[in-house]
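This report describes the fold, the ligand site and several individual residues of the structure shown below. The overall architecture is treated before the local detail.

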Amino acid sequence: MYSTLLTLHSYWAFLTLLVLLFASFNAITGYYGNRNFAMGKDLRISLFALIFTHIQILLGLILYFTSPYFAMWSEGGVMANPIARLILVEHPFTNILAVALITIGWSKHKKQEASKAKFGKIALFYTIGLILLLSRIPYSNWLN
Ligand code: HEM
């Protein structure tokens, strides 16, 4: 169960980050290029990024309680150990915050009428979300 979840969470992370990068880039170029926000292409790219990040959070939540790191809460010393603190505190909290911002960006873009405003909301919230996610990935453990 644990190793399957870890593998899923590791590979899904690649897809999530790629789709999110693509959605942010698409929104930034749409904003600065004054493109029309297409309900087919642009809406779908942003929606895919939203769905991928939500699936990743769900996988992460289950992984959290099945990971051997979780036992360190009862052993103590989590905050004094940089890798345990990253995995048990910083990674989950920052990533939940990042996905909350992405979700806010998604709902804010829906309330806008103008294409530029739609792209603007996605560009801002998705890019901040992406930066937050990238800032707290346990890179030293990833696929090692
Ligand atoms: C979009 C959000 C997220 C991304 C992109 C992400 C990405 C990653 C990556 C790349 C790893 C390293 C995997 C490896 O060692 O091969 C990881 C580990 C982990 N993630 Fe996430 N994660 C996200 C959200 C979360 C959330 C919300 C939680 C918990 C509530 C979580 C819990 C964990 C745990 C516990 C590990 C370490 C598991 C272990 O090594 O035993 N993740 N995550």
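Helices here are DSSP runs of H or I with at least four residues, and strands are runs of E with at least two, numbered from the N terminus. On that basis, the protein chain has 5 helices and 0 strands. The model is a predicted one.

## Overall fold

Along the sequence, the elements of the protein chain follow the pattern α-α-α-α-α. Taken along the principal axes, the C-alpha atoms of the protein chain occupy a box of roughly 55 × 25 × 25 Å. The protein chain has 144 residues, of which 39% are buried. Among contacts in the protein chain with a separation of 6 or more, 72% involve residues 24 or more positions apart.

## The iron site

Two histidines, H9 and H91, coordinate the iron atom of the ligand through their NE2 atoms, at 2.0 Å. H9 belongs to helix α1 (residues 2–32) and H91 to helix α4 (residues 82–111); the pair links distant parts of the chain, 82 residues apart. What is the arrangement of the 6 donor atoms around the iron atom of the ligand? The angles that these donors subtend run from 86 to 179°, which makes the arrangement octahedral. Six donors count as octahedral if opposite donors are over 155 degrees apart and all others lie between 65 and 115. For comparison, ideal angles for six octahedral donors are 90 or 180 degrees.

Both coordinating residues are buried. H9 is counted as such because its relative accessible area is 14%, and H91 because its relative accessible area is 15%; the cut-off for a buried residue is under 20%.

In total, 24 residues surround the ligand, and the closest are Y2, H9, S10, S67 and H91.

| Residue and atom type | Ligand atom | Distance |
|---|---|---|
| H91, polar side-chain atom | nitrogen | 2.8 Å |
| N95, side-chain N or O atom | nitrogen | 3.5 Å |
| N141, backbone N or O atom | oxygen | 3.1 Å |

Helix α5 covers residues 115–135. The buried residues in α5 are S115, K118, F119, G120, I122, A123, F125, Y126, G129, L130 and L133. These buried residues pack against α1, α2 (41–66) and α4.

N26 lies in helix α1 and counts as buried because its relative accessibility is 8%. Beyond four places in sequence, N26 touches R35, K41, D42, I45 and F119. N26 and F119 are 93 residues apart in sequence, with their C-alpha atoms 8.4 Å apart in space. The side chain of N26 also makes a polar contact with the side chain of D42, at 2.9 Å.

S46 is located in helix α2 and is buried, with a relative accessible area of 3%. Its side chain reaches the backbone oxygen of D42 at 2.7 Å. Leaving aside neighbours within four places in sequence, S46 is in contact with A23, F37, W106, I122 and Y126. I122 and Y126 are among the buried residues of α5.

W73 lies in helix α3 (residues 72–75). Is W73 buried, partly exposed or exposed? Its relative accessibility is 40%, so W73 counts as partly exposed. Residues up to four places away in sequence aside, W73 touches Y64, V78, L88 and V89. The C-alpha atoms of W73 and A84 are 9.3 Å apart in space, and the two residues are 11 residues apart in sequence.

N34 lies in the loop between α1 and α2. At 56% relative accessibility, N34 counts as exposed. Its phi is near 50°, a positive value in a residue other than glycine.

How values were computed:
Residues numbered from 1 in each chain as written. Predicted model: local features only at pLDDT ≥ 70, side-chain atom pairs only at ≥ 80, totals over all residues. Heavy atoms only, no water. Donors = N, O, S within 2.8 Å, 3.2 Å for Na, K, Ca; no water. Tetrahedral: all angles 85-135°; square planar, octahedral: opposite > 155°, others 65-115°. Buried < 20%, exposed > 50% of the residue type's maximum accessible area, 1.4 Å probe, protein only. Expected span 1.5 Å × (residues − 1). Contact = heavy atoms within 4.5 Å. Near = heavy atom within 4 Å. Polar contact = N/O pair within 3.5 Å; in protein donor to acceptor, adjacent residues only side chain to side chain.
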